[in-house]
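Subject: Structure for you to look over

Dear colleague,

I am handing over the structure below, and I would be glad if you read the notes that follow with the model open beside them.

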Amino acid sequence: MALDRKTPNDLNAFWMPFTANRQFKKAPRMFVGAKDMHYTTAEGRQVLDGTAGLWCCNAGHCRPKISEAIARQAAELDYAPAFQMGHPAAFELANRIIEIAPEGMEHVFYTNSGSESVETALKLAIGYHRARGEGSRTRLIGRERGYHGVNFGGISVGGIVTNRKMFGTLLAGVDHLPHTHLPAQNAFTKGQPEHGAHLADELERIVALHGADTIAAVIVEPMSGSTGVLLPPKGYLEKLRAITKKHGILLIFDEVITGYGRLGAPFAAQHYGVTPDIMTTAKGLTNGVIPMGAVITTAEVHDAFMQGPEHMIELFHGYTYSGNPVAAAAGIATLETYKEEGLFERAAELAPYWQEALHSLKGTRHVIDIRNEGLIGAVELEPIAGTPAKRAFDAFLKAYEKGILIRTTGDIIAMSPPLIIEKAHIDQLIGTLKEVLDTLE
Ligand code: PMP
């Protein structure tokens, strides 16, 4: 569909998120269509999607099975409350999620986004301890450079300065582990870096500082995406799991990006062989087509809330659209697509090719680090002194002109293509990026 209104003034009403609005509106980049691996721009150009939208369209774009399931559900049962009422699609989807979740994860709570999944998980963690008679456990521990969405809990445990600093005092009682990005030791590592497992020991210091009986949960992205694709050093997640267990602290994995196949297993928990108590998910759950998130928990977390007279036991938390039928139908069709097409296995099979293609950029102008895991990768550029983030953003603009969509955070270029990607697309993506970098100031 073409945009009828074309003057910059017509673009003013939509206050765009995480976008330099004034700059964008002078030279807007508009997508008007999408199919499989490509977007179509308003000018009719094809742009290869190197980012699966925002790390979410894992099955590629405009998949008929998903669109048809949505249309069917919207015509049959458009909306039903999930408070004191049910409908089959939400239950069906929960079972399908549990089928692919790590052993021991048994319950699903629906949200509408990654941010809401994070808020839900933090509340579940605090409520869990309270329900077990340990109401003093309210402190939360996040990590520097962590991204957990944009709501107050998420930015409090998150560690991205720009996302926090405008917004006041945030949640009280939050500490941050150090981030795990050690470029001096780990630059250009293929896959998980060797150095940095010791950084998990910081958790012992924080526990000693406050007392374990004040701490509810630790939340980390098993692999951080939005902050620039930062991988867990070998042994790091295992240590976090051991220390949290030892002190009765819940471990939350924020799998909003890593969930639903990005690393080649259904979840990063399986990929890394470390199972948390709670996982937050969204994005790939519905292929990004309909907003939906899911918090996945162990029976132990769920059962802690299930004490007392039966008619009074409820979780005092939920959203109008929790388990929305149309979103649930999209989720079922999406998980079926992943399974029928073996897309998680495909991601695992393509990962070595992806790794070698990415690392072939070593030695290209401006490149100071390359990181990869599954079908995700990052190329870090030397910043221009005095204007951080400009070089990568220029690369993004040039790449878009040359027909590939990449994403940048600071001076890091991140890529996370749909899992249906072909080797020829990988060659195009990396080849074009090299051309861009070669001609960049
Ligand atoms: N957590 C993580 C790890 C994420 O990567 C994101 C989104 N990039 C979020 C939470 C927030 O998700 P949403 O934008 O759907 O609120």
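Strands β1 (residues 31-35) and β2 (residues 38-41) run antiparallel and are joined by four bridges, with A34 standing opposite Y39 of β2. Please keep in mind throughout that this is a predicted model. The hairpin of β1 and β2 has two residues between its strands, and D36 takes a positive phi there, near 55 degrees. On from this, β2 pairs with strand β3 (residues 46-49), again in the antiparallel sense, over three bridges, and here Y39 stands opposite V47 of β3. The hairpin of β2 and β3 has four residues between the strands, and G44, which lies in the turn, has a positive phi of about 90 degrees.

A seven-stranded sheet comes next. This sheet is open, its pairing is mixed, and its strands follow the order β4-β10-β9-β8-β7-β5-β6. The edge positions belong to β4 (105-111) and β6 (174-177), each of which has a single partner strand, so one side of each is left without a neighbour in the sheet. Direction ignored, neighbouring strands of this sheet are turned against each other by 20 degrees on average. Within the sheet, strand β8 (residues 250-254) and strand β9 (residues 278-281) run parallel and are joined by three bridges, and I252 stands opposite I278 in β9. Helix α5 packs on this sheet, where it touches β4, β5 (139-143), β7 (215-220), β8, β9 and β10 (293-298), and its direction makes about 25 degrees with that of β10.

Helix α5 also matters for the description of the ligand site. The ligand is surrounded by 14 residues, of which the closest are S113, G114, S115, G149 and V256. Helix α5 (residues 114-131) supplies three residues of this shell, which is the largest share. Sorted by class, the shell consists of five nonpolar, seven polar and two charged residues.

As for the packing of helices, α4 (residues 88-100) and α13 (residues 325-340) pack at an angle of about 35 degrees with their axes 8 Å apart, and their crossing is left-handed. On the side of α4 the contact is made by A89, A90, E92, L93 and R96, and on the side of α13 by P325, A328, A329, G331, I332 and L335. These contact residues divide into eight nonpolar, one polar and two charged.

The second pair is formed by α14 (residues 343-359) and α16 (residues 423-438), whose axes come within 10 Å and cross at roughly 20 degrees, which means that α14 is roughly parallel to α16. The crossing of α14 and α16 is right-handed, and in it Y353, W354, A357 and L358 of α14 meet K423, I426, D427 and I430 of α16. Six of the residues in this contact are nonpolar and two are charged, while no polar residue takes part.

The crossing of α15 and α16 is right-handed, and its contact is made by A395, K398 and A399 of α15 together with T432, L433, V436 and L437 of α16. By class, this contact has five nonpolar residues, one polar and one charged.

Strand β14 pairs with β15 (residues 412-415) in the antiparallel sense over three bridges, with T408 standing opposite I413 of β15.

With best wishes

Note on methods. Residues numbered from 1 in each chain as written. Predicted model: local features only at pLDDT ≥ 70, side-chain atom pairs only at ≥ 80, totals over all residues. Near = placed C-beta within 6 Å. Nonpolar A, V, L, I, M, F, W, Y, C, P; charged D, E, K, R; others polar. Axes fitted to C-alpha atoms, helices over the stretch in contact; angles between N-to-C directions. Left-handed = near helix turned anticlockwise from the far one by under 90°. Contact = placed C-beta atoms within 7 Å. Parallel < 35°, antiparallel > 145°, perpendicular 65-115°, else oblique. Pairing = 2+ DSSP bridges.
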